[in-house]
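Student: Could you take me through this model step by step, with the criteria stated as we go?
Tutor: Gladly; let us look at it together and then work through some questions.

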Amino acid sequence: MRRAVWLFAAAWPCVAQAKQIPAPDKTAQGDLAITIYQNGQSLVQDVRTLDLTAGRTRQEFADVSAKIRPETVTLAGPGIGIVEQNFDYDLLTPYKLMEKAVGSVVTTVRTNPATGAETREQARVLSANGGIVLQIGQRIEVLRDDGLPVRVIFDKVPENLRARPTLSVTLQVAGGGRVPATLSYLTPGLGWTSDYVMLFDEAKSAIDMQGWITLTNNTGTTYTNAAVTLVAGAPSGAAAFGRLNDTTIDTPGTETSNRERLGDYVFYPLGRRTTIANAQQKQVSFLDVKGAAARKTYEWTNGWLGADSDPRSAATVLKFSTSKNGGLGDQLPSGTIRVYMRDRKGEPQFIGESGVDAAPMGSAMSLRTGEAFDVKGAATVVERKKLSARRWKTTMRYDFTSARAEAVSVDFAQTGLWGDVRIVEQSLTGERVSADRMEWKVPVPANGKASVTVVFDTRY
Amino acid sequence: MLARIALGLAALFAAAPAMAQTLVVSDKPDAVAVTLYRDGARSGPIGQGWPGGYALITETRTIALPAGASVIRFVGVSQGMMPETAIVTGLPRGVGEKNRDARLLGPATLVDAYLKRRVTVRRTNRATGKVTESDAVIESGPEGGVLLTSDAGVEALGCSGLPEGLRYPGVPADLSAKPTLSVTSDSAAAQTVTVQLSYLAQGFDWSANYVAQLGERDTLDLFGWMTVVNGGSQGFADARTSAVAGKLNKGRAARLPVGPAPALRLQCWPLGTTSMAGPPPAPDAVSAEDIGSFEIVVTGNRVRGMLQRAPAPPPPPAPVMMAEQEELGDLKLYRIPEPVTVAALATKQVALLHRESVKVARLYRGSFSPFPYNDGEARPPSRPTEIVLRAENRTSEGLGLPLPAGKLALFGDRGGQPVLIGESSLADRAVGDEVELFPGTSSDVRYTVIGRPASRRRQAFRIEVSNAHDGPVTFEVPIPYAVADASAELVLRKGVKTWRVLVPANGTASLDIALKRER
């Protein structure tokens with residue numbers, strides 16, 4: 001069951017007994033193939049060679065996932081017919097063992113505390129309620145009533161009690177011999193996501209991006225030497241929940257990557273077989289792009305025609321593409337992008353992270369790393385005038401400040417326009433991108449200020 | 001040489017014995033750099049307990065890499081390491097895969113690793129001291145107790161009352177003392193390489209803490225500390241330390257991978273005795289199962305509650321070492337010029353900035369809302385004003401540098417002795433921003449808002465302000481409503497109409513104002 005690498009291989013004492021008792025690094029698993037989806041379900045296929053005799057026989061399958069969904073198990077092989085499948089989860093503990101021993105005979109060994117002499121007796125277990133009542137010969141006594149040491153030795157472990165939940169299958173075998181049998185089942189507890197490392201070079205307006213698949217195994221079982229395939233795409237319920245996706249797809253891409261796909265699923269087979277240990281988080285590289293183009297902008301959004309008591313920072317936005325031409329040249333499975341930038345000494349420093357939805361190849365992306373310390377904006381209601389019972393004229397002024405040493409451009413958006421708000425006057429020409437939203441590109445000089453005044457005609 | 005090659009091991013890839021991998025253990029880093037990031041959700045000072053910020057830790061390690069495939073195990077990484085953020089550079093052929101194993105070496109995980117395997121049971125005779133060792137196979141465990149099978153039969157461990165214990169032939173290599181990051185790599189020839197391991201780790205935080213001394217003629221001596229907190233159990237000696245100010249996007253920290261509990265709880269069958277019997281047994285009395293069983297509890301928990309809040313910083317001495325500020329994209333990076341030790345469960349303070357004469361304007365502020373609740377009263381009660389110290393973050397005003405958010409303690413001078421005037425918190429302020437401090441309220445400068453007879457189109461108010469100081473003071477009240485008429489000129493401040501008046505020494509001032517009723 002446990003695959004282990006031995007620091008003290010030479011210390012292992014009894015080679016002769018290795019036949020009946022498996023070595024700690026032995027596993028009952030055969031040729032493993034694991035397909036891991038993004039909704040927390042995984043398909044495990046395990047080809048084991050069974051040594052079978054003809055007729056009806058019962059086989060136990062050790063080292064399957066501890067979280068196996070027994071109803072999804074199938075076993076197939078030449079000349080094998082399945083009589084029944086059992087999944088036993090009555091766990092073997094000292095108490096269970098004693099309970100099952102009620103009515104049967106055990107051996108007690110009493111040690112004399114003064115002399116150390118041992119007395120062996122046969123005892124019948126009468127009950128195991130709160131304490132153990134024993135019948136020894138004609139006398140009835142409670143186990144260790146005097147507090148002195150007494151060993152209890154049981155003859156055997158009863159059937160159906162297991163150290164771990166165990167899958168067992170009763171087979172009807174046509175011809176005996178060594179038969180390759182394929183065991184397949186679904187299990188929760190294995191999952192994957194992707195983590196991206198992006199190094200942004202502001203001077204060159206370029207990014208280096210590495211993608212890592214992050215695999216987690218909480219099934220309680222180690223999968224030894226498995227061929228692993230990861231499937232991107234949402235079977236059901238795979239969308240990240242409760243996370244803020246600060247990376248948006250501005251324009252969805254229309255290019256097809258050369259990754260293996262089936263319908264809307266994309267497959268990421270791992271290059272070589274690997275062992276996924278229990279309670280392990282494993283990362284494998286799947287993307288490495290150097291020098292893709294990226295540029296930095298600022299975004300500042302005003303939600304409705306309201307004022308700010310304090311200036312608000314603009315968001316720092318990195319724009320890049322997943323296109324083959326001038327971009328990352330691959331689709332991105334959903335995950336987290338972490339952005340780094342080199343400091344004055346050339347060491348990479350973390351400047352923010354952002355969740356990203358699965359993006360097709362060719363998409364234009366915006367990644368928000370955080371707020372800009374030095375670029376801020378504030379909205380002011382200069383005047384609000386009633387034109388008629390249902391119409392208002394609102395004059396808004398937007399002040400932008402920058403404490404940066406170079407001129408910047410702020411993508412400024414006013415939302416909440418509902419479609420019935422009209423622009424009467426504007427000091428800078430903007431674009432009505434939708435009924436609800438108007439956008440302006442505001443140039444802010446180095447260490448300077450810029451203002452935009454807009455007059456809205458609103459209906460209420 | 002900080003790396004050693006452990007004894008040869010194969011079997012990581014059982015089906016491909018040709019790809020046998022050598023285990024390389026890197027004990028500790030040669031050099032380490034720590035960059036701290038603030039807890040974005042925290043508004044006040046850093047509290048006690050597990051800090052909510054994080055740090056980027058960059059370790060430089062020297063590794064003797066053998067020829068061929070190898071597994072490099074990094075020991076001594078931070079407790080709160082987020083394994084998905086690990087980046088390893090400097091390996092000749094890059095990194096094959098990265099593994100973070102959370103299974104820790106402990107009594108229970110040993111039983112788990114040796115389930116259905118052969119161990120030695122050691123019993124000591126209490127009377128004679130004679131030690132008997134016998135072979136046994138672990139039949140079940142560690143949950144619910146441990147059962148052993150020997151030649152004699154099946155027995156439960158720790159239920160007989162005899163001193164007995166298990167002995168194992170070795171430590172499984174996939175169990176480690178601490179959560180460990182290992183990477184696979186390979187190399188054409190044996191060589192010594194310098195690798196960089198960097199990762200984000202939870203359990204760190206930092207904040208600015210300001211001490212301001214109010215001097216003559218309304219100037220401030222502003223001194224800032226950088227307070228660094230490491231809540232983890234791993235310290236970093238002689239680390240190149242820096243801190244980043246600004247708001248970064250950072251998702252909720254993912255749960256750290258946890259392995260099975262390493263503590264072993266040996267449980268037995270019920271061990272009640274005649275003397276314990278009695279009517280009726282309390283349901284929650286000492287559980288009979290627990291008597292006679294013993295527990296080995298091995299805990300790897302961080303010692304909680306050891307973190308003390310940073311003490312109120314003393315008035316500043318002349319700083320010897322001051323953090324240097326540089327730009328990092330749209331963030332501010334503060335670098336401590338010399339390597340310092342970021343110890344486990346400790347806070348550290350280093351001078352962040354110092355400005356000697358910052359010009360501040362002292363004024364008193366009231367608030368106005370157009371609801372004449374006092375219609376029936378002769379005169380509503382007067383209210384104390386908020387004291388405001390206002391500065392411009394400009395070089396010409398004696399400031400002009402980015403100010404990271406933090407708590408500020410304001411001291412005055414009383415015959416050469418500093419006295420605490422008040423405490424105020426400060427948000428992130430860029431160069432050119434206005435900086436306002438609110439050290440407290442004043443009972444000497446008070447104001448009253450009195451509702452006056454109104455009409456259908458207008459609401460009328462009178463604002464009166466009184467000054468008990470022997471000097472004139474500035475009073476300000478913002479009026480964010482449509483003003484029809486006012487007896488004094490209103491100024492526009494941050495887009496809001498504001499009444500600003502110089503109240504004479506021991507005098508009063510008043511404003512009559514009418515608001516348009518919007519209907």
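Tutor: Helices (H or I, at least four residues) and strands (E, at least two) are DSSP runs, numbered from the N terminus. Residues are numbered from 1 along each chain as its sequence is written, and chains are lettered from A and ligands numbered from 1 in the order in which they are written. This is a predicted model, in which local features need pLDDT of at least 70 and side-chain atom pairs count only at pLDDT 80 or more, while totals for chains, interfaces and linings use all residues.

Student: How many helices and strands does chain B have?
Tutor: Counting the DSSP runs described above gives the composition of chain B. The count for chain B is one helix and 33 strands.

Student: What is the mean pLDDT of chain B, and which stretches have a pLDDT below 50?
Tutor: The pLDDT is the predictor's confidence in each residue, from 0 to 100, and in chain B 85% of the residues reach 70 or more, with a mean of 82. Where pLDDT is low, the predicted coordinates should not be read in detail. With two residues taken to be in contact if their C-beta atoms, placed from the backbone, lie within 7 Å, residues 1–19 of chain B have 44 contacts beyond near neighbours in sequence, and residues 279–313 of chain B have 57.

Student: What ipTM does the model score?
Tutor: Two scores are given for the model as a whole. The pTM is 0.79, and the ipTM is 0.77.

Student: What share of the residues in chain B is buried?
Tutor: A residue is buried if 20 or more other C-beta atoms lie within 10 Å of its own, exposed if 12 or fewer, and partly exposed in between, with C-beta atoms placed from the backbone. Applied to the 519 residues in chain B, this criterion gives a buried share of 39%.

Student: Of the contacts in chain B with a separation of 6 or more, what share comes from residues 24 or more positions apart?
Tutor: The contact criterion is the one already stated, and the contacts considered in chain B are those with a separation of 6 or more. Residues 24 or more positions apart account for 74%.

Student: Which element gives the most residues to the side of chain B that touches chain A?
Tutor: In the interface, 95 residues of chain B are in contact with 99 residues of chain A. By class, the chain B side has 48 nonpolar residues (Ala, Val, Leu, Ile, Met, Phe, Trp, Tyr, Cys and Pro), 23 charged (Asp, Glu, Lys and Arg) and 24 polar (the others, Gly among them). Elements that give two or more residues to this side include β3 (31–37), β4 (53–65) and β7 (97–101) of chain B. With five residues, the element that gives the most is β7(B).

Student: Which residue of β7(B) stands opposite Val284(A)?
Tutor: Two strands pair if DSSP finds at least two bridges between them, and strand β20 (residues 280–302) of chain A pairs with β7(B) in the antiparallel sense over five bridges. Opposite Val284(A) stands Glu97(B).

Student: Which are the edge strands of the open sheet of nine strands in chain B?
Tutor: This sheet has mixed pairing and the order β30-β33-β28-β27-β24-β23-β29-β32-β31. Its neighbouring strands are turned by 40° against each other on average, direction ignored, where axes are lines fitted to C-alpha atoms, for helices over the stretch in contact, and angles run from 0 to 180 degrees between N-to-C directions. Each edge strand pairs on one side only, and they are β30 (483–486) and β31 (491–493) of chain B.

Student: Which residue of β33(B) stands opposite Phe461(B)?
Tutor: β28(B) pairs with strand β33 (residues 508–516) of chain B in the antiparallel sense over nine bridges, and β30(B) pairs with β33(B) over three bridges. Ala486(B) stands opposite Ile513(B), and the residue opposite Phe461(B) is Ile513(B).

Student: Which residue takes a positive phi in the hairpin of β6(A) and β7(A)?
Tutor: Seven bridges join strand β6 (residues 105–111) of chain A to β7(A), and the two run antiparallel. The hairpin has six residues between the strands, and the one with a positive phi near 80° is Gly116(A).
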